[in-house]
Amino acid sequence: MSAHEPAAGYIGQSVPRREDERLLAGRGRFLADHADGAHHVVFLRSTEPHALIESIDASRARRMPGVLGVWTATDLGIAGVPIPLLTRPEADFSAATDCVLAEQRLPILADERVHYIGQPIAVVVAEDRYRAEDALEAIEIGYTPLPVVTDAEAALDVDSPVLFEHLDSNEAARLTYAFGDPGAAWSGAHRVVEGTYRMGRHGAVPLECRGVRAEYDPRRGQLELVTSTQVPHMVRKAICGVTGWPSREVKVVVPDVGGGFGTKANVYSEEIVLAVLARRTGHRLIWVEDRQEHLAASAQGRDQLHRTRLAVDRDGRILAWEDDFVVDIGAGSLWVAGIVANTAIHLLGPYRVPAARISGRAALTNKTLVAQYRGAGRPEATFAFERTLDAAARELGLSSAEIRRRNLLTRNDLPYARPIPYRDGVPICYDGADYLACLDAVTEALPPSDVDALEAEYPDHRVGYGLSSYLEATGRGPHETARIRLLPEGGLEVTAGAASAGQAHETVFAQVAADALHVPLDMVRYVPADTERLPEGVGTFASRSAILAGSAIHQAAGDLIEMACARAASVLGSTVPADYADGLFTVGDRSLGWAELAGSQAVGGSQEGGGAIDVTAVFRPTTVTWTMGVHAVILGVHRRTGIVTVLRYAVAHEGGREINPKVVEGQIVGGVAQGVGGALFEQWNYSPAGHPLSTTFAAYHLPLSTDVPRVAVRHLHVDTPVNPIGVRGAGESGTIAVYAAVASAVDDAVGGGFHVAGTPIDTGALWRAMHAPRAVA
């Protein structure tokens, strides 16, 4: 198939999103819409960044009208019980990178010591939210403050106060790897450039905050937990791990979710506490996070510091690359292994790198917890490498495009093996086609010559052009599941373990099923998974859903056809399986469709009692597949204020088959918007004393629709053998390169050797650079 040839069947068609008719008409059912008949839960949260809990007096709160109770960790029997980690690297990766993880013990409710402001300590249940909030204010808590650490590098110093008593340092993880001969490269290089780069702490901030509803059904002996999550099966596993309950006694359901982006691909204290409380009290309970809670207590992201060194020859070709980085994970992260490993792996970029030395550490501090945020280490790694590459280009007198042209992998290099394994333990091999083609495509979509016209259109701005390449491993395992069943009326119902947070699963997964089953799309209905309908699954994160869930659906469709052919043969009186094509089962000159087959299995049908036509499939990829792309941006820096305005943006990416091209484009454009926010606006600031300073939208600034221009997207199709439907992930492609591309364009606009080394970009620094006295030759 060529790059521009449409795929056969429903895969490759921009089918309108089925979800939109319901959601745009206000008929969505989000977590807060499930509050009917529930008692309301609120959490007492720490007001100290690091302190001993000396006393909790909830007696006055318990006596207040409408209050059903106040519980601490000890009251609930969960004192000292940590939330289980969500991921660990495979042994081969750990051995190759000397990866070591400290034993984190993230408490469900703090019972002896608090480690960040916003940490949950106790829980109040009342008849409504108003009474619960009033009771919260009546609880008295006594603290003894302890030393506070908010700087990640300082936290790793041998003289730093150690924040967790069971650990001997604040190092939560470390790894290192090297290959080639970096030492020889440094000594023989034409230029060695060094840099220090920082990406500020920011995160998803989805439109819908988090929330949980829990209810115990004594008749069924089952707890039902409705939660706004991307990982329902992980939530169930954590609840069962903490409580010891069998998995059949916990059903986790995902309602409509108003955005996740990684913040909701996490397991939280609130989910476990409501499960325990609902079973203990017998009440239907609901907790709905408010925005201030979200900005203070939901998992955050990024917050990395990189110290880099790059050796190049006189033509600008890379000889060696070194990066020593630190990740600030706050008071802990269930995803620390993934974030540190992602950063280390993606630091190699889409370039020929003959020698490298990479090391990274994760530091515990008195800030809010960290989880994966769209890209999870990839944007940070890309920013460090691309900024260093731009610094080398400047020293050599090369353009940003030219130094990339000389180093990007081409069709003559690919596939390209790397001398380390991926996180799954499989040796890394980039399976692309021609990364240089993405540079050509993006500069064609947004030529540097457009700067001239925009300078005339925006005379009050200095206009600049920037580029950034990126590389992304997509479709990480270990597996994903899917189920397809024939309904009594002849329709087909599909479900998968990937939970939607707005990614159009109802549409694209129906397309995959209809395509594989060779039936009209309106015969297929996708229903979201819960842990009872589909007992096993992994979830939605890491650009994996289309690859793994899509492939599981494709696999299940094949299994369903095989089962149905055997059943159809019985109906048609044959001893050999029927043939199947275009929705019809045929034996000789006789045939029947799915509706007739369904009727034959029903009570009173010819095959009554034959059992449901219902299959579940598990797809396990051999390893990841790689996506690559280049971003280009033209922006203006206002001469009088230093405020940056993004004027034009383009993305060229090398991907696989697009199940729904419009949905893919939407993912990329949305990712660009989030990247613009991180590059220019968003940051969670903390005082040196550990107090969060960004707990309202007056302090945590988000991009507006007027801050994001139209984004031109060029898709370069490249087959991948890693999965049966030939797709590559794209959920994070739009975000990864934005920070570095915007920074590159700001450098170009400001001029005078100005070099952006951190995000969000400081408009004050831009103004000062533009108004600094210039030396006269």
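The largest cavity in this predicted model has a volume of about 210 Å³; a cavity here is a set of points, on a 1 Å grid over the protein atoms alone, where a 1.4 Å probe fits but cannot get out, and its volume is the space filled by probe spheres set on the points. Its lining (residues with an atom within 4 Å of a point) comprises 24 residues, with Ile-83, Pro-107, Tyr-116, Ser-269 and Leu-369 nearest the centre. Residues are numbered from 1 along each chain as its sequence is written. Because the model is predicted, local features need pLDDT of at least 70 and side-chain atom pairs count only at pLDDT 80 or more, while totals for chains, interfaces and linings use all residues, and side-chain values use heavy atoms, with hydrogens and water left out.

Turning to charged pairs, the structure holds 50 salt bridges, each a side-chain nitrogen of Lys or Arg within 4 Å of a carboxyl oxygen of Asp or Glu. In one of them, Asp-431 pairs with Arg-728, the closest N and O atoms being 3.0 Å apart. Asp-431 sits in the loop between strand 18 (427-430) and helix 14 (435-445), and Arg-728 in the loop between strand 29 and helix 20, so this pair ties together parts 297 residues apart in sequence; helices (H or I, at least four residues) and strands (E, at least two) are DSSP runs, numbered from the N terminus. Both Asp-431 and Arg-728 are buried, that is, under 20% relative accessible area with a 1.4 Å probe, protein chains only.

Glu-732 forms a salt bridge with Arg-378, at 3.7 Å between the closest N and O atoms.

Technical notes: On a 1 Å grid over the protein atoms alone, a cavity is a set of points where a 1.4 Å probe fits but cannot get out, and a pocket is an open set with protein on both sides within 12 Å along at least five of seven lines; lining residues have an atom within 4 Å of a point. Buried means under 20% relative accessible area, exposed over 50%, partly exposed in between (1.4 Å probe, protein chains only).
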